[in-house]
Each structure stands twice: as C-alpha cells, then as structure tokens.
Amino acid sequence: MLLSLKGSFPSAILALADGTVFIGNSIGAQGTTVGEVVFNTSLTGYQEILTDPSYCQQIVTLTYPHIGNYGVNPEDVEADKIHAAGLIIKNLPLLASNFRSTQTLSEYLAEGKTVAIANIDTRKLTRLLRDQGAQNGAIVGLAAGEEVTQAKIDEAIAAAKAAPSMKGLDLAKVVSTVKSYPWNEAEWTLGQGYGKLEAPKFKVVAYDFGVKKNILRMLAERGCDVTVVPAQTPAKDVLALNPDGVFLSNGPGDPEPCDYAIAAVQEIMATKKPVFGICLGHQIMALASGAKTFKMQNSHHGANHPVKDLDSGRVSITSQNHGFAVELESLPANARATHISLFDGTLQGMERTDVPAFCFQGHPEASPGPHDIGYLFDRFTALMETHKNA
Ligand SMILES: NC(=O)CC[C@H](N)C(=O)O
C-alpha cells in the first residue's frame, strides 16, 4: 500500500536559501530544522544514513522514491541517535514489512525528534542541487491541522538563509565521544546478530571524529582490540597506549579547522606507527601531510560510485558520503594517489611513501552499500602485522 498519506500527515514546508519552496507532508517531528541540503542516491540503508554522524547539520534527500518500506530496527544504526538534521523523501509507504522491523520510519523520526518531509518532487530538488551545488535549507513540520501560510513560508526561507555555511565548520569535536571507551563488537550475521571480538591480535586506537559503528565492527572482526578516543585527544596520550596502529574516523564538517587533529596526526605519523584514515580521517591525514582540501560543487553521497585502484587497475563500486575533497595536485612529494573517482576524477585514496599511513575518501565499511573496497581493512591489519614484527 503506497502513498495516499496526504490526509493522514500534517503539512510541511521545505525552503531553500535561494527561495525555492516545496510543500509536502510532515512525517517526523514537529518544528523547524536547518542544514545543508544534500542528496543521497542509495536505494536502501535509510536508517544507517540517518544515524551516520557525518550527516550532522545536513538535511538528506533520498532520491530513491520509496523510503520506509522495510521499517526500522534497533540494530542497523551507525550511532546511538539520528545525526542527520532532517530527511526529505518522495513516498512513505504506509506499510513497513520486514521480519526485523520493530517500528515505522515515521515513528522513528518523531521519537528521534527529526523533522522530515515527504511527498515533494525529489527529482526536481535533486536536479536543482546537482546543477547549482549543495545549498542550505529549512524544513518546517507543522502541527496537525495547521495551514501552510505565506508567513510560514517566509519564515522557512529566512531560516534557510540564516543557516551557517558548512565551509569552516568544525563539527568533529561536536559529535565526538567525550570519554574514551573500549570496542569489541564484531560484524552482524543472520541468526547470530553481532559477533564479539575473539582472539585479539592488534591494539588499535581509533580517533572518533564521528565514527560509524560498522567501521569499528569491521576492525574488531579482523582481530583489532579497539580503544575509541575523543577527537581532541593529544598524540602523546594515544602513543602512551602503545597501539599497533591508529585509525582516523569519518566525521562531519570541514576538515580544515580541525587543527588539533591535524597536529596530532602529524605527530603520530612521525613515529612510523601504521595509520589508516576514512573520509574525514582521509582528509585530516592529507592536511597533516601538507596537502589541501576544498569544498566540492557536487558532493558524493550514494552507494554506487565507481572508484579506480590505480595500482591494480581494478574498479570498485563504493559507498560515498563527502562534500569536501583533497586537491589531487596538492599532494606533497612524500604522498601518492592510490584511488580516484571515475565519476569526477577527484582523489579517493592516498598513501604516504615515507611512513606506513594510507587513507580512503569513500566508505570501505559500506553500510549502506557494496563491500568491494573492504580489502582496505585487510591492508591496515597487514601493515600492523609487518610493523609489529619489524
Ligand atoms: N563521511 C565523512 O567523513 C565526511 C567528511 C567531510 N565531513 C566531508 O563532507 O567531506
């Protein structure tokens, strides 16, 4: 049973900073939210997307038209709460059907105090964002029976215009854990649920810039006994734990203002400890190596982005979620490109040639998405193995 929810859900307004307005239905919390409006082309994984801390202060548009059809469950989360600032979809099916489902998407959004809009033309919105680049927006979820008025539309446009620009925002320290904690949950299997770290082989310290649980699970699956530390942990505290390797997580915002992390990573790489970075962690490693980052005109959010491994020539289909990128031309002499995007030629991976450190812009942990590039986790454990025995 699809759609025809127009009568059963209150109205909602989506306004972009350029004055474009869409009227739809509120399917989450009541109230106003603002953020950078981006679009994600994944067909599944809305729960993983909503809880990915990298979406902090971003409103996500899902281009796949039916969202919510398999409900939500307590397991498929990347963090303990919804981090996306809002959700924009086309159709919310009235029936959610899946053996793991415990709640509907709409209930989950309301409980998570997340404002969301359905029944708007997401194709029109996506074309606009694609042609003009990401821009700020506001969603206003009205109360039941409340009318959409010009005054409310004007307020929504004003809220969109007043939202802060993503460029220059350090959000890693906003979403990061305040306290260190150990991690020992491994990957999920049907019938078994999440596994446990068995036979730990490597001690890993993971910087939490907004880490996704699935990254930690994939490390634990490979025998990594992980200690997660806050974003602003100084290098000396990390080194005092004497890890076999250091992991730099994904995270929201602009990497450039994260000066504390850039300095710490420089110090850690200088000790020749193996270091692996994903997404924001990749950007921070690049900045710590002397490269530059920039805000992209067309950000990458989806689960089908082709990326070429420059060493093997192999093309992987990857999961992506980033709005900043490392300038390929700015790589210093002691770093080399290992992966590029076949969508736009931007840098997707690099490696230091003088120290055992490498990083990847996309998401090898998928979640949601394909596992083609999961071999990077094996590269990290192999690097730790080599350096352990060196
Ligand atoms: N997923 C991420 O780590 C995103 C990195 C960074 N916030 C960007 O948008 O580029």
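**Close-up views of the predicted model**

**View A. Strand E1 (residues 11–16) and strand E2 (residues 21–26) are paired in the antiparallel sense over five bridges.** The structure is a predicted model, in which local features need pLDDT of at least 70 and side-chain atom pairs count only at pLDDT 80 or more, whereas totals for chains, interfaces and linings use all residues. Residues are numbered from 1 along each chain as its sequence is written. Helices (H or I, at least four residues) and strands (E, at least two) are DSSP runs, numbered from the N terminus. Two strands are said to pair if DSSP finds at least two bridges between them. Leu14 has Phe22 in E2 as its bridge partner. Four residues lie between the strands in the hairpin of E1 and E2, where Gly19 takes a positive phi near 95 degrees. E2 is also joined to E6 by two bridges, and these strands run antiparallel. In this pairing, Asn25 has Ala118 in E6 as its bridge partner.

**View B. The chain is divided into domain 1 (11–162) and domain 2 (172–388).** These bounds come from an automatic or database domain assignment. The C-alpha centres of domain 1 and domain 2 are 28 Å apart. Contact joins 23 residues of domain 1 to 25 residues of domain 2, two residues being in contact if their C-beta atoms, placed from the backbone, lie within 7 Å. On the side of domain 1 that touches domain 2, strand E3 (31–40) and helix H1 (46–51) each supply at least two residues. E3 gives the largest share of that side, three residues. By class, the side of domain 1 that touches domain 2 has nine nonpolar, nine polar and five charged residues. Here Ala, Val, Leu, Ile, Met, Phe, Trp, Tyr, Cys and Pro count as nonpolar, Asp, Glu, Lys and Arg as charged, and the others, Gly among them, as polar.

**View C. Eleven names make up the surroundings of the ligand: Ser54, Asn250, Gly251, Pro252, Gly253, Cys279, Leu280, Asn321, His322, Gly323 and Phe324.** A residue is near a molecule or strand if its C-beta atom, placed from the backbone, lies within 6 Å of it. The residues of this shell divide into four nonpolar, seven polar and no charged. Strand E16 (residues 315–326) gives the most to the shell around the ligand, with four residues.

**View D. The "binding site" annotation, from an unreviewed UniProt entry, covers Ser54, Gly251, Gly253, Leu280, Gln283, Asn321, Gly323 and Phe324.** These residues span 271 residues in sequence, yet no two of their C-alpha atoms are more than 13.2 Å apart, so they gather at one spot. UniProt positions are given in the numbering used here, feature names are shortened, and annotations may be inferred rather than shown by experiment. Leu280 is placed in helix H9 (residues 280–288), and Gln283 also lies in helix H9. A residue is buried if 20 or more other C-beta atoms lie within 10 Å of its own, exposed if 12 or fewer, and partly exposed in between, with C-beta atoms placed from the backbone. Leu280 is buried, because 33 other C-beta atoms lie within 10 Å. Gln283 is buried as well, with 30 other C-beta atoms within 10 Å. Apart from neighbours within four places in sequence, Leu280 is in contact with residues including Ser54, Phe209, Gly251 and Pro255. Gln283 touches Pro255, Thr293, Phe324 and Val326, residues up to four places away in sequence not being counted.

**View E. Strand E15 (residues 293–309) is joined to E16 by ten bridges, and the two run antiparallel.** Val307 has Ser316 in E16 as its bridge partner. E15 and E16 form a hairpin with five residues between them, and Gly313 in the turn has a positive phi of about 80 degrees. Nine of the twelve residues of E16 are buried, so E16 is largely enclosed by the rest of the structure.

View F. Most residues other than glycine have a negative phi, and most peptide bonds are trans. Asn119 is placed in the loop between strand E6 (115–118) and helix H3 (122–132) and counts as buried, with 21 C-beta neighbours inside 10 Å. Pro368 is placed in the loop between strand E19 (357–360) and helix H10 (375–388).
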